[in-house]
Each structure stands twice: as structure tokens, then as C-alpha cells.
Amino acid sequence: MTRLTIIIPYVGSDDDSARSCGVKQLEETLVSVLENRPRDAQVVLVHDGSYTDPYELSDELSIRPEPAGKSICDLVNGVLADCETEVAAILSPGTIAQTEKEFQEKLNADREANKVTPPKTRYMSGFGGRW
């Protein structure tokens with residue numbers, strides 16, 4: 001059974017230079033997550049219709065396009081509403097995923113400190129830096 005949903009929200013930009021930087025960060029995060037995700041994790045890329053999936057990653061993760069104009073919060077909350085896993089983690093483009101061992105240690109520490117939030121809660125964390 002899948003225990004973890006990793007949600008990566010992406011909102012594109014009309015500015016080509018900002019967009020290409022955003023796409024680069026998104027793809028770095030996707031590679032990092034796919035290389036280091038726990039075996040029992042589901043990965044969901046939710047975006048505003050601006051990502052074209054040039055690497056055909058749909059076999060490795062769920063790609064969920066939404067109508068343009070939605071905020072990151074709207075995108076994340078849409079996935080959380082359908083989420084059935086024990087834990088949901090939200091990562092922004094540019095975040096580098098930890099190894100499975102590092103993740104498990106952090107998850108166990110968060111559980112002990114009662115910091116794990118049920119996925120049905122509208123909650124955002126894990127934005128920026130190293131997760």
C-alpha cells in the first residue's frame with residue numbers, strides 16, 4: 001500500500017526567461033524525487049497546463065494538468081482532496097529530495113513530535129531548499 005504522496009505543484013510564467021528557469025528547477029526536482037523516493041511513495045506533478053512533459057514521465061509519476069489561472073494552493077488542495085495516503089509532502093520546484101533513509105529518519109522524527117499532518121488537511125510545507 002502506498003504510504004506517501006509527494007505533490008509537486010507548478011505554475012508557469014508568461015515571461016520566457018522566468019519560465020525556462022522555473023522549468024529547469026521543476027525538472028531538477030522531478031529527477032531528484034524519482035531517484036530518491038521511497039518505494040511506497042506516489043509522486044504527483046500538478047500544474048496549470050503549462051508543463052509539456054518532454055521526457056514522457058507519465059509512466060513514473062502521475063501528471064495532473066489543471067485549468068490555467070489556478071494558484072499553487074488551489075493545485076495542491078485539489079490533489080489533497082483526492083489523497084488517500086497516510087502522509088502527503090508538498091515540494092516546490094527547486095527542492096532537492098533526500099534519500100529514502102534520510103526521508104524515513106525525518107518522517108519518524110516528525111511523527112514522534114506530532115508534526116505529521118493528515119493529508120485531508122489543507123496544509124502546505126516543504127517549500128524551498130532541501131527536503
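These exercises look at salt bridges in a predicted model.

**Exercise 1.** How many salt bridges does a search of the whole structure find?

*Solution.* The search covers the whole structure and finds six salt bridges.

**Exercise 2.** Find the salt-bridge partner of R3 and say why the pair ties together parts that are apart in sequence.

*Solution.* 
Step 1. Look for the partner. R3 forms a salt bridge with D40.
Step 2. Check the distance. The closest N and O atoms are 3.5 Å apart, and the cut-off is within 4 Å.
Step 3. R3 lies in the segment before β1 (4-10), and D40 is in the loop between α1 (16-36) and β2 (41-47), so the pair ties together parts that are 37 residues apart in sequence.
Step 4. Classify R3. Its relative accessible area is 27%.
Step 5. Classify D40. At 25% relative accessibility, D40 is also partly exposed.

**Exercise 3.** Which elements does the salt bridge between R64 and D82 tie together?

*Solution.* 
Step 1. Take the distance. In the R64 and D82 salt bridge, the closest N and O atoms are 3.0 Å apart.
Step 2. R64 sits in strand β3 (residues 62-65) and D82 in helix α2 (residues 72-82), so the pair links parts 18 residues apart in sequence.
Step 3. R64 is partly exposed at 23%. D82 is partly exposed at 48%.

**Exercise 4.** Which residues do salt bridges that share partners join into one network?

*Solution.* 
Step 1. E66 forms a salt bridge with K70, with the closest N and O atoms 3.4 Å apart.
Step 2. Classify K70. At 32% relative accessibility, K70 is partly exposed.
Step 3. Join the pairs. Through shared partners, R64, E66, K70 and D82 form one network.

Notes
Residues numbered from 1 in each chain as written. Predicted model: local features only at pLDDT ≥ 70, side-chain atom pairs only at ≥ 80, totals over all residues. Heavy atoms only, no water. Salt bridge = Lys/Arg side-chain N within 4 Å of Asp/Glu carboxyl O. Helix = DSSP H or I, 4+ residues; strand = E, 2+ residues; numbered from the N terminus. Buried < 20%, exposed > 50% of the residue type's maximum accessible area, 1.4 Å probe, protein only.
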